[in-house]
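Load the coordinates and keep the sequence at hand. The paragraphs below walk through selected local features.

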Amino acid sequence: MDAIVVDRLSCRYQAAGRQILKDISFKVAPGEIVALIGLSGCGKSTLCLCLGGIIPHYLGGELTGQVLVNGKDTREYRVAQLALEVGLVFQDPDTQLFAPTVEDEIAFAPENLCLPAEEVGTRVNKVLDTLGISDLRKTNPNHLSGGQKHLVAMGAVLALEPSILALDEVMAQLDPAGKKTINKILVDLRRQGKTILMVEHDPETVSIADRVLVLEEGRLIKDGRAVTVLGEWESMLRC
Amino acid sequence: MAYIELENVSFCYPGQSRPVLREINLSILNKGVTAITGANGSGKTTLSKLLTGILLPTKGRIKLNGQLLTSLTLTQIGRQIGYVFQNPDKQLFCETVEEEIAFGVRNLGLPPDQAAQKVREVMDYFELTRHAQAYPLSLSAGEKRRLALAAVFALEPGLLLLDEPTTGLDPYRKKLLGDYLDKMLAAGRGVVLISHDQKFINRYATRLMGLQDGQFIEE
């Protein structure tokens with residue numbers, strides 16, 4: 001079974017508003033890393049929101065076509081149920097962080113799964129260690145820098161251990177060491193069979209992807225191997 | 001004379017024992033591009049808030065054009081330093097994109113026709129004209145970033161302070177931003193660039209400063 005199936009997906013935020021996604025279809029197999037690129041405003045973040053069910057459940061809007069994550073139709077499942085399948089890391093970590101300490105932030109989701117306290121502790125330690133942020137454990141997320149906040153948001157999602165990750169420009173504010181850590185984590189997760197869809201602009205980050213999808217004005221205009229698609233896209237932009 | 005001068009500046013957030021910045025001495029001219037790099041959490045954004053008077057040093061003093069920053073209002077500082085925040089959401093507050101850019105320009109006291117011309121120019125340059133009547137917070141992250149940049153650039157301050165300005169920008173828009181910086185530099189203005197974007201820094205920086213453990217370790 002495909003991890004992600006997007007079938008003739010169109011979407012707009014208001015019934016009379018601009019069409020953000022236009023008749024998009026693609027599939028992602030388990031264990032694949034797929035990068036989603038395109039000029040700003042082309043619909044990349046909207047597509048991530050559709051994968052997690054935020055659209056249509058929270059933001060409303062008009063959605064036609066179908067999105068399946070691990071076979072589940074996002075329209076038929078609640079966002080909380082979909083969160084067990086798809087870990088969504090938002091572009092702006094401030095919209096995601098709310099707990100008084102980094103540790104609480106990462107423990108929140110596993111605690112809500114009613115996992116035993118010992119298992120929650122193990123997951124929190126593992127995530128803090130993997131991301132290299134153990135020293136921030138007792139810090140209030142509001143006091144962190146932009147890049148550190150993104151690492152914590154990423155940690156909170158990793159602690160849920162979803163089989164699919166949708167990452168919206170999580171590397172954008174990270175320093176080179178942070179980028180290297182996340183790249184390594186993503187490659188490890190792929191080895192474990194996890195599926196990753198990431199929105200990125202940085203060609204270096206995109207190069208770890210197996211496939212690259214290019215969106216333009218809401219349409220999927222390219223879908224192919226990273227090396228080929230990146231080269232074509234950059235020459236298209238002439239930069 | 002230095003445009004901004006920091007003398008033995010230290011800063012510690014209330015309730016924390018470890019200072020974020022320690023005994024910093026630094027002169028910034030209003031020409032060229034001073035790039036400030038450093039690991040996440042090294043104090044880059046804190047430094048930018050000190051330079052704009054949003055935070056006050058725990059120790060030491062900062063001068064802007066020879067005047068103590070503490071003797072100036074935020075408006076007076078804002079006319080001399082154009083600050084684009086790391087998170088554009090914290091900067092946008094108007095009802096429409098056009099209004100957002102016009103707000104600062106009108107407050108400069110330009111005649112209405114000149115102000116309108118300026119707004120049209122930057123809106124056009126940053127390819128925001130099609131969104132002129134859109135609600136700023138409904139834009140995508142990259143569009144919001146361009147809007148925050150456009151609103152500040154329209155004011156033509158002596159020094160631009162840009163905190164991670166390339167975040168969320170696609171390669172094409174990054175080049176547009178770079179070209180605009182070249183234009184500002186040619187017009188005799190300076191830029192302080194806080195960034196992790198090594199490629200962008202390599203292309204535009206004329207001076208490179210590295211922050212580590214609250215101090216500058218390299219120049």
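The model is predicted. Buried here means a relative accessible area under 20%. Just after the helix, G53(A) has a positive phi of about 80°.

Chain B also has a helix α1 at residues 44-51. In this one 6 of the 8 residues are buried, so α1(B) too is largely enclosed by the rest of the structure. Its buried residues are K44(B), T46(B), L47(B), S48(B), L50(B) and L51(B). Just after α1(B) comes G53(B), with a positive phi of about 75°.

How do the axes of α4(A) and α6(A) cross? Helix α4 spans residues 102-112 and helix α6 spans residues 146-158; their axes come within 7 Å and cross at roughly 30°. Because angles under 35 degrees count as roughly parallel, α4(A) is roughly parallel to α6(A). The crossing of α4(A) past α6(A) is right-handed.

Helix α6(A) takes part in the second pair as well, with helix α7 of chain A, residues 176-191. The axes of α6(A) and α7(A) come within 13 Å, and the angle between them is roughly 15°. That makes α6(A) roughly parallel to α7(A). Here α6(A) passes α7(A) in a left-handed crossing.

Which residues line the largest cavity? They are I37(A), E200(A), H201(A), D202(A), P203(A), V206(A), L230(A), W233(A) and E234(A). By class, the lining divides into 5 nonpolar, 1 polar and 3 charged residues. Two helices of chain A, α8 (203-206) and α9 (226-237), each supply at least two residues of this lining. Helix α9(A) gives the most, with 3 residues.

The remaining features concern the backbone. Most residues other than glycine have a negative phi, and most peptide bonds are trans. Against that background, the peptide bond joining I55(A) and P56(A) is cis, with omega about 15°. P56(A) belongs to helix α2 of chain A, residues 54-57.

Two residues other than glycine have positive phi values. In N70(A), phi is near 45°; this residue sits in the loop between β4 (62-69) and β5 (72-73) of chain A. In E127(B), phi is near 55°, and the residue lies in the loop between α4 (112-125) and α5 (141-153) of chain B. E127(B) is partly exposed, with a relative accessible area of 29%.

Last, G78(B) is found in helix α2 of chain B, residues 74-80. Its relative accessible area is 33%, so G78(B) is partly exposed. How far apart in space are G78(B) and G104(B)? Their C-alpha atoms are 9.9 Å apart, while the two residues are 26 residues apart in sequence.

Conventions: Residues numbered from 1 in each chain as written. Chains lettered and ligands numbered in written order. Predicted model: local features only at pLDDT ≥ 70, side-chain atom pairs only at ≥ 80, totals over all residues. Heavy atoms only, no water. 1 Å grid on protein atoms, 1.4 Å probe; cavity = no way out; pocket = protein on both sides within 12 Å on 5 of 7 lines; lining within 4 Å. Helix = DSSP H or I, 4+ residues; strand = E, 2+ residues; numbered from the N terminus. Nonpolar A, V, L, I, M, F, W, Y, C, P; charged D, E, K, R; others polar. Buried < 20%, exposed > 50% of the residue type's maximum accessible area, 1.4 Å probe, protein only. Axes fitted to C-alpha atoms, helices over the stretch in contact; angles between N-to-C directions. Parallel < 35°, antiparallel > 145°, perpendicular 65-115°, else oblique. Left-handed = near helix turned anticlockwise from the far one by under 90°.
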